[in-house]
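Visitor: Hi! Could you walk me through this one?
Guide: Happy to, here it is.

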Amino acid sequence: MKRNHFSLRRKARMLSAFAVGALLLSSCAQDGFEDESWRSDVTNTTLSSPTSEDITIEASADGAQTVISWSVVRGAGGYICTVTDVTDTNNPTIVDDIQDSLIDRCQIAVTREVDHNYTFSIRTAGNDELNNTEAAETTLVTFNSFTTAIGTIPEGSDITEYINSNPMPDDAITTEMAYDLVAGGEYTMSGSIDFGNKRVQLRTTDPNNPATVTLTANASISTSTGMSIKNVNFNCSASTDPFIAYSETPDESILGVISGTQAYYDIQQSLLLENCQVTGVNNYFIYDNNVKYCLGTAIINDCVVQLTGAEVSGVIRFQGGFINNLTIENSTFYGTEGADANYFVQYNNSGRCDRGGYTTNSITYSNCTFYNVANSGQWGNYNGFAGRNTSYWNMTNCIFVNCGNNQIPRRFLGGRQGCDNRNFSNNTYMFDGAFESTDGTVAGYDDSGTAIESDPGFADPANGNFSISGSTQAQLGTGDPRWLQANQ
């Protein structure tokens with residue numbers, strides 16, 4: 001058993017047996033228990049451990065920590081605790097070094113990772129001064145950090161019909177709630193779903209075995225607030241609608257909440273797409289339906305998106321509004337033969353941070369692979385962002401092949417040279433076998449001197465295999481990490 005003692009802030013300190021006893025007389029009273037609970041009137045006893053009913057587990061207000069508290073055991077010499085992350089059942093890990101640790105309070109706070117599974121064990125320690133023996137039993141409880149689910153959609157269901165029959169409760173207006181899909185399950189989606197002002201998460205809880213949803217004609221996912229989609233694969237090849245289309249009838253209660261007289265429909269909650277494969281996108285990937293939305297944050301992480309539309313105005317298109325902070329990381333976007341778009345990202349030209357109620361805006365691409373995306377088009381169109389010192393541009397460790405009409409850095413920066421707050425590093429800009437960085441067209445845009453001028457050597461791009469053989473990209477670890485791992 002470890003002899004370090006953790007307070008609420010988990011500060012370790014060595015205490016003598018006498019000091020432990022003195023502290024135990026007072027410390028749990030500070031946690032809301034009466035002093036009487038700690039009087040040393042329990043002696044010569046084999047103690048019991050707190051039961052599972054005596055243990056409370058809650059997320060902290062900011063969601064960064066899990067707060068675990070329990071009822072006092074009179075006459076105890078502390079509590080022997082272990083907190084374990086068991087998300088990977090084959091490789092459990094100890095959280096914050098709390099393993100067989102003597103805790104001198106009735107509460108601890110530990111690091112909380114989203115969508116993880118945990119166990120907490122506790123055994124009451126003995127007290128030599130009172131001749132009390134430690135508990136024989138250890139109490140083990142399980143907990144997790146997943147968003148609360150209202151239920152699991154049965155495998156084989158039509159998700160459109162199920163959600164129409166089982167709508168989110170009104171609690172979801174203020175708190176994100178989830179629909180769970182069965183791991184590895186097959187589903188259909190026969191029509192568009194509009195979650196409206198309900199904050200919804202659609203997910204498979206097992207990231208290693210995502211469910212698959214096949215969309216039929218005229219099917220898309222809509223919302224007018226924050227939304228998360230995690231660990232789900234989508235086949236959109238039969239649908240001619242956008243994959244995500246923001247509601248045509250927005251929630252009037254969010255009009256001008258932070259944008260004021262600029263009168264955007266202000267969505268302050270994030271759009272998150274994580275660990276999804278989306279194939280056969282024939283229309284926009286994300287579209288605002290020409291409504292004046294200002295989406296505060298959109299994050300696309302660990303996704304693979306296949307684009308098949310031949311005449312698309314923008315892959316991510318906000319015709320009426322804009323996304324204030326867009327991040328795409330650890331992901332792959334690729335177009336099949338004949339696929340094209342006028343722009344990869346296209347915002348309404350009036351959109352800029354101060355008009356949406358923010359002080360800065362950003363566009364970030366990190367460790368991504370792009371192939372045949374907006375081949376004859378432009379990478380970005382957002383005049384409201386361009387040339388302003390409140391705009392932040394980050395493009396690092398990305399691979400672009402046959403994208404953006406051979407003008408990636410220029411169009412990424414909205415056509416403005418020498419922009420403030422630009423960060424380029426280790427990108428490959430390859431078009432028709434040549435390199436944009438070689439012919440000098442990146443000057444004034446990507447001046448980092450780090451552009452990679454070698455073929456990444458994709459294994460089979462026509463069939464969506466972007467494993468690399470390029471030694472420089474492999475050495476520097478650029479592009480979507482999944483294609484590096486595929487070669488290991």
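**E134 and the cores**

Guide: The side chain of E134 makes a polar contact with the side chain of R123, at 3.3 Å. A polar contact here is a pair of N or O atoms within 3.5 Å; within protein, one must be able to donate a hydrogen and the other to accept it, and residues adjacent in sequence count only if both atoms are side-chain atoms. This is a predicted model: local features need pLDDT of at least 70, side-chain atom pairs count only at pLDDT 80 or more, and totals for chains, interfaces and linings use all residues. Residues are numbered from 1 along each chain as its sequence is written, and side-chain values use heavy atoms, with hydrogens and water left out.

Visitor: Where is E134 placed?
Guide: E134 is in the loop between β8 (117-124) and β9 (139-144); strands are DSSP runs of E, at least two residues, numbered from the N terminus.

Visitor: Why does E134 count as partly exposed?
Guide: Because its relative accessibility is 35%; buried means under 20% relative accessible area, exposed over 50%, and partly exposed in between (1.4 Å probe, protein chains only).

Visitor: New topic: which residues touch the most other members of the largest nonpolar core?
Guide: F234, F285, F333, F344, Y365 and W379, out of 85 residues. Strand β24 (residues 293-301) gives the largest share of this core, 5 residues. Such a core is a set of buried Ala, Val, Leu, Ile, Met, Phe, Trp, Tyr and Cys residues joined through side-chain atoms within 4.5 Å.

Visitor: What does a second, separate core include?
Guide: That core of 22 residues includes A76, I98, V141 and F143.

Key:
Helix = DSSP H or I, 4+ residues; strand = E, 2+ residues; numbered from the N terminus.
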